[in-house]
Amino acid sequence: MTTLSAVRPSGVQIAPWVPAGEILSASSVLGAAFSTIWVPDQMLSRNAHILMSAIAAGRQVGVASGVTIPLSRNPIDIASAMATVAELVAPDCSVQMGVGTGGSLVSSMFSKRAVLDLLRECIGLIRRLWAGEIVLLRDYPLLRDRLGWREDAIAQLSFPVTKPIPILMAVGGPKTRDLAEDVTDGMICTSTYPAVSYTALESGDHAIVGELVALRERRAAAGRPFRLLYGLNCCVSQDGDAAREFARRQAAIVAGNPALWPDLSRAGFDMESCAKVRTALRGGAPLAEAARDVSDDLLDGLLVSGTPEDCAERMRAVERSARSAGFGEFYLGAPLGPDIGEAAQLLVEKVLPAVWPNDRWR
């Protein structure tokens with residue numbers, strides 16, 4: 001029988017919302033318990049590649065972009081940045097690249113026309129650069145037109161990539177899953193994605209997960225392993241009310257996105273709360289203000305939040321549901337806590353040992 005300790009979370013995500021020094025301090029604490037620090041690539045926030053480089057240079061823990069949005073970046077820069085990070089991590093640490101199509105901020109700044117085709121070109125180009133190939137950039141017409149490359153331009157990294165860099169796709173709709181099956185090494189599913197949320201899993205609604213497990217089996221049969229990662233988004237503080245209020249901001253980002261409403265409704269979420277959040281955001285309310293309209297039902301269906309004891313109890317149940325649905329690889333997702341330093345200490349010293357007591361976390 002599979003034990004809890006066999007599927008403990010191997011990674012933890014730190015969002016770039018606080019000063020870089022605080023992120024590095026928290027990473028040092030979390031690096032004692034986790035093998036990978038995931039850093040989201042969020043436009044207009046602190047630069048994910050710089051943060052990953054600084055964490056990697058500590059030689060304590062592996063790093064991953066969770067996730068990079070190629071739509072807002074030049075894939076040549078992405079390839080170079082990730083290959084450089086691979087030179088900085090310790091030999092026994094990994095580098096991984098999560099990719100996605102972006103959320104509401106990306107949509108507000110960029111046209112997402114042909115976004116999946118663009119993403120396919122980005123991944124293909126990045127892989128060829130990592131392989132050391134000389135690449136004719138005209139082979140990628142969508143990127144060429146978008147970025148203004150010359151018709152006769154070529155590209156080749158001037159240094160070798162020192163270790164494999166798996167590419168993992170953020171969960172999305174059927175076309176996204178098809179793309180992930182074709183060109184990536186796995187898929188990242190987070191509890192804040194309604195179709196694989198805590199509410200969906202605990203209700204027994206495993207339709208999407210079932211499709212992903214079938215995908216994994218097809219790839220395995222073809223001799224191409226495919227990973228499924230589940231992000232248990234959490235927010236912890238000794239002040240449980242403060243943790244829950246901070247977590248509401250993350251839930252508001254989901255609730256205020258109408259593209260996610262069909263999945264939210266299907267999973268049985270509080271749609272009246274979603275409508276209030278959307279109205280507040282469209283009216284120009286700051287995220288923290290709109291988050292006040294996030295109901296407890298909506299919050300608890302997307303994130304684990306509260307005191308260390310609250311989080312441990314809820315996380316234990318969620319982990320069982322996710323494992324029962326077919327996931328076997330986990331990480332803890334943002335926002336972690338209103339005070340990132342306190343949250344790091346609480347996760348390592350209280351929450352993790354309570355949920356996975358048979359493992360050594362320090």
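Q: Why is R244 called buried in this predicted model?
A: In this model, which is predicted, R244 has a relative accessible area of 18%, and because buried means under 20% relative accessible area, R244 counts as buried. The residue lies in helix α10, which spans residues 240-255.

Q: What makes the pairing of R244 with D300 a polar contact?
A: The side chains of R244 and D300 come to 2.8 Å in a polar contact, and the cut-off for such a pair of N or O atoms is within 3.5 Å. Leaving aside residues up to four places away in sequence, R244 touches D300 together with D296, L299, S305 and G306.

Q: How do you know that the span of helix α9 is close to the expected one?
A: Helix α9, made of the 15 residues 207-221, reaches 21 Å from its first C-alpha to its last, and the value expected at 1.5 Å a residue is 21 Å.

Q: What makes the buried residues of α9 line one face of the helix?
A: The buried residues of α9 are I208, V209, L212, V213, L215 and R219. Seen down the helix axis, they fall within an arc of 155°, so they line one face of α9. An α-helix has 3.6 residues a turn, so residues three or four places apart point the same way. The face of α9 turned away from this buried side carries E217 and A221, which are exposed.

Q: Which elements do the buried residues of α9 pack against?
A: They pack against α7 (174-183), β8 (186-190), α8 (198-202), β9 (227-236) and α15 (308-325). After α9 comes G223, whose phi is positive, near 75°.

Q: Why are the buried residues of α1 placed on the same side of that helix?
A: In helix α1 (residues 20-30), the buried residues are I23, A26, S27, V29 and L30. Around the axis they cover an arc of only 160°, which puts them on the same side of α1. Their packing partners are β1 (11-13), β2 (36-39), α2 (48-57), β11 (329-336) and α16 (340-355).

Q: Which residues have the most contacts inside the largest nonpolar core?
A: That core has 127 residues, and those with the most contacts inside it are L30, M97, W130, M187, Y230, L332 and L336. Helix α5 (residues 115-130) gives the most to this core, with 10 residues. As for M187, its contacts beyond four places in sequence include L168, V171, L212, F226 and L228. In soluble globular proteins, nonpolar side chains tend to be buried together.

Definitions and conventions: Residues numbered from 1 in each chain as written. Predicted model: local features only at pLDDT ≥ 70, side-chain atom pairs only at ≥ 80, totals over all residues. Heavy atoms only, no water. Helix = DSSP H or I, 4+ residues; strand = E, 2+ residues; numbered from the N terminus. Expected span 1.5 Å × (residues − 1). Buried < 20%, exposed > 50% of the residue type's maximum accessible area, 1.4 Å probe, protein only. Arc of directions from axis to C-beta. Contact = heavy atoms within 4.5 Å. Polar contact = N/O pair within 3.5 Å; in protein donor to acceptor, adjacent residues only side chain to side chain. Core = buried A, V, L, I, M, F, W, Y, C linked by side-chain atoms within 4.5 Å.
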